[in-house]
Every structure is written in C-alpha cells, then in structure tokens.
Amino acid sequence: MKRLQQYTATARICAKGVFDGGLLSVAGEYLVRFLQLILLVQIWRSFGESSALPDGMSLPVLLTYTLMASVFRQQLDIITPATSALWEGSITGRYLRPCPVLGGLAAETIGRWWIPVFLFYSVPVLLISPLLGISPLPASAWNLVFFLISLALSASLGFALDFIYASMAIRMKNGCWAAQMVREALTQLFTGALIPFAMLPGWAGQLLSWLPTGSIASAPLSIYVGGAGSSPLYLIGLQLFWNAVLWPVSLWIFHKSEERMISYGG
C-alpha cells in the first residue's frame, strides 16, 4: 500500500508539472496531433472513394481504428523518461528516491503523459468525432471489454520494450538518441498504429501481427473495431505470451546495463 501511494504521488506531481507553463504550453502539441488525425482521415477517405480499401476493411471501420489510435496514442506508444533522463543526467537522482527506478519511471509516464493527454486531448476528440463523421463506438460491448484487457496488456508490453530500448541507450552512451530514433522508427512501422495490418499484403500483415510490436497497437485496435483476423482471445493470448517472454528479458537487460551507466560522469 505504501509503495502504491508513492507511485500515485509521483504520477500526481508529474501531471501537475505538465501545466506549469499554462495550458497553452501544451496546446500546440495537441493541435498538431489533431491535425495529423484529420490528415490521415482524409487520406483514408480518398482510398474509400477510389475503392482502394482491401476486402474486409470498410471505411467506417478504418476511420474508427484511426480515431482510437490517436485517442490512445500514449498508451499504445509507451515512452518513459528513461532515455531523456540518461541524456540530461537526471537519471542518477532517481536512484535516490524511495521507490524502485523502473516503477518510478512508469509512474512518471502515467502522470506526465497519460493523464493530461486523456483529459485535454482524448476526451475532446471523442466528443467531437461524430461531427467529423467518425463513430467512436466499439463493434460490441464484448469487444469493448476485450479491448480494455488488451489495452492493459499492450501498455505492459510497451513498458517492457521501452526499458529494453533504454538499456540500448545506456550501452550506446552518447549515442542514446540514436537508440531513440531506432525505437520511433520501429514503432511507426511495426505496431500497426499508423497503418492497420489489414492494409498491408496478406503475408506482411500476418507476419507483423506475430511480432511483439504487433501486440502493442494492432491487437487492441483490431479488437475494438471487430476487425481482427483472429479471435480476441487469440490476440490477448499472444499479448500474454509476449509479456511473459519480454518482461524477464527486459528486467535482466536493464539491470545488467546499469553497471555500464554513465550520466555526466555518474
């Protein structure tokens, strides 16, 4: 219980700190994200008008998929402060806090990005989505239930992968931003958040869905819109498998990398 209170306090402090410069300090980021959504929606609509959509992927389903990918972007693209803290030198201060380093990084992520983005971007976008001609509703009530389970597993897997990328950054020392760029490229290409796997050639989409990155965005979003090529239970089972495999690997690699950590000579 005490540990939970520590994590909650960390998340609350980070959430408040986001708006130290006022709401306008983050409004630009939310505006850019909304414009990206509008642009992608227009691209998919042009595909629909030219009958270029693949079989089994209707335009309304594709638009809902894209909407939810934007709404839950922070949960589907986990980026903890680990790499930036290593570069800034602030990573050493986290070892002086009373809570474990990885747990503290996760709490910071939830407080700094999940809470503010959900309140000031996700909720407004969901409310105005019908005005954009996009339905925010899931395929069914059961799809919503399975989606929430899948989203939790996706976030868990995202943290595991992020700590692996942070370990790469530690080992690369001054090249830690190279590790960050590799991570961002892989996220855009292989998670299915930007382009649904159903839009890819059959073999490519199937192959990517088997990878751990495919369980991060494609699985929960496909479950939500009811467009999964496999059953929701299969996709959730695949997520459980990758969580069971990658979490021990992530913890082992990170703790081994700590021995080589260099942060402003620390």
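Does Arg-33 count as buried or exposed, and at what relative accessibility? In this predicted model, Arg-33 has a relative accessibility of 6% and therefore counts as buried, the cut-off for that class being under 20%.

Glu-29, at 40% relative accessibility, counts as partly exposed. Side chains of opposite charge can pair when their charged atoms come close.

The other salt bridge joins Glu-108 to Arg-112, with 3.3 Å between the closest N and O atoms. These residues lie in helix H7 (residues 101-128), and because they are four residues apart, about one helical turn separates them. Here the glutamate, Glu-108, is buried, with a relative accessible area of 3%, whereas Arg-112 counts as partly exposed at 30% relative accessibility.

Helix H7 also packs with helix H3 (residues 59-71), the axes being 9 Å apart and the angle about 155°. Helix H3 is therefore roughly antiparallel to H7, since angles over 145 degrees fall into that class. On the H3 side, the contact is made by Leu-67, Met-68, Ser-70 and Val-71, and on the H7 side by Tyr-121, Ser-122, Val-125 and Leu-126. Of the residues in this contact, six are nonpolar and two are polar, with no charged residue among them.

Definitions and conventions. Residues numbered from 1 in each chain as written. Predicted model: local features only at pLDDT ≥ 70, side-chain atom pairs only at ≥ 80, totals over all residues. Heavy atoms only, no water. Buried < 20%, exposed > 50% of the residue type's maximum accessible area, 1.4 Å probe, protein only. Salt bridge = Lys/Arg side-chain N within 4 Å of Asp/Glu carboxyl O. Helix = DSSP H or I, 4+ residues; strand = E, 2+ residues; numbered from the N terminus. Axes fitted to C-alpha atoms, helices over the stretch in contact; angles between N-to-C directions. Parallel < 35°, antiparallel > 145°, perpendicular 65-115°, else oblique. Contact = heavy atoms within 4.5 Å. Nonpolar A, V, L, I, M, F, W, Y, C, P; charged D, E, K, R; others polar.
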